[in-house]
Amino acid sequence: MFTIDAHLDLSMNALEWNRDLRQPAGYLREREKGMTDKPDRGKATVSLPDLRRGNIGLVVATQIGRYVAPDNPLPGWHSPEQAWAQTQGQRIWYQMMEEAGEMVQIRDLAGLDKHLARWHDGSPNDHKPVGYILSLEGADSIVTPAFVERAYHDGLRAIGPAHYGPGRYAQGTDATGFMGAAGHELLHEMERFNIILDATHLCDDSFWEALDHFNGPVWASHNNCRALVNHNRQYSDEQIRALIARDAVIGGALDAWMMVPGWVRGQSTPKSTNCNLAVMIDHLDHICQLAGNARHVGIGSDLDGAFGKEQCPYDLETIADLQKIPDLLRQRGYTEVDVAGIMHGNWLRFLRKAWA
């Protein structure tokens with residue numbers, strides 16, 4: 001089944017992990033054998049060939065560059081200009097993949113329809129370019145809100161104002177506090193250019209403030225449920241209901257610590273915690289029960305988002321195994337219409353409405 005993944009850190013993997021994503025995940029693992037600079041070395045799950053093999057023809061692909069103030073212990077750049085430069089290098093990598101025929105940027109409905117027609121023409125996927133919608137995870141690299149216009153003309157179509165910790169425009173995971181005037185100005189510029197607000201990673205205070213001050217389209221590219229795993233990174237039922245009221249779609253994430261309670265980094269394993277793909281269905285189903293339908297969930301896997309096989313479902317070898325999800329949904333009683341919606345249709349409906 002044609003599949004959309006609403007959150008993949010492809011350029012980060014290419015440039016910071018030094019992975020040639022034109023090669024299969026198995027090749028990437030083999031090449032990284034013996035490397036210890038990152039905990040997920042030798043455990044990659046994502047590559048362009050594996051996306052094609054899994055019929056994942058459209059992804060939301062990120063840029064990311066964090067600014068850190070002198071008192072911020074998180075890793076990041078010491079000026080917004082440095083963070084901007086990093087994201088521009090990431091953007092150029094996507095352009096290089098386009099020039100190589102590996103990817104194609106989707107900016108509007110005409111491009112979306114053309115791309116979908118190519119992926120549904122009945123021919124093998126082997127040489128089809130993977131479509132990508134450009135997203136910015138954390139807005140620290142937006143030097144001033146005026147840079148939103150420049151980014152939009154370069155294809156940026158979604159922005160998450162915060163990532164981890166305190167940010168320049170909003171507060172993120174493990175932080176608290178409000179957006180303030182700079183955040184409001186950012187939201188205004190996003191609304192002016194019809195850029196999607198990605199509510200993922202916003203702390204509770206900034207989440208509610210963002211919804212109050214932004215009238216454009218809202219989604220949550222990769223988020224799970226606080227009711228099942230109690231952490232501020234997840235959404236409470238109240239937040240989920242607020243997103244449903246905005247006609248948002250929420251992408252189920254496959255990072256094990258977000259899926260199962262009690263995960264201990266460096267100690268827990270997917271098998272010891274019984275973390276499999278069915279656990280993601282638990283989170284999606286919880287949202288569906290709150291909504292009373294299956295129209296507000298999709299997939300936003302976050303695979304290889306600074307973790308690999310050591311921290312994702314044990315029954316997933318590569319991202320191509322997202323194709324196991326339809327049968328898992330059918331086993332839970334979801335109809336074929338619901339299954340198609342979760343795999344791609346809900347994201348497409350959202351985009352058609354947002355870009356109309």
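Visitor: How do the residues of the lining of the second largest pocket divide into nonpolar, polar and charged?

Guide: This is a predicted model, where local features need pLDDT of at least 70, side-chain atom pairs count only at pLDDT 80 or more, and totals for chains, interfaces and linings use all residues. Residues are numbered from 1 along each chain as its sequence is written, and side-chain values use heavy atoms, without hydrogens and water. Ala, Val, Leu, Ile, Met, Phe, Trp, Tyr, Cys and Pro count as nonpolar, Asp, Glu, Lys and Arg as charged, and the others, Gly among them, as polar. The lining, which includes Tyr-164, Asp-174 and Trp-257, divides into six nonpolar, three polar and two charged.

Visitor: What volume does the largest pocket have?

Guide: On a 1 Å grid over the protein atoms alone, a pocket is an open set of points with protein on both sides within 12 Å along at least five of seven lines, while in a cavity a 1.4 Å probe fits but cannot get out; lining residues have an atom within 4 Å of a point. Points are joined across faces, edges and corners, and a volume is the space filled by probe spheres set on them. For the largest pocket that is about 890 Å³.

Visitor: Which element gives the most to the lining of the second largest cavity?

Guide: Helices (H or I, at least four residues) and strands (E, at least two) are DSSP runs, numbered from the N terminus. Both α4 (80-99) and β4 (130-137) supply at least two lining residues there. With four residues, the largest contribution is from α4.
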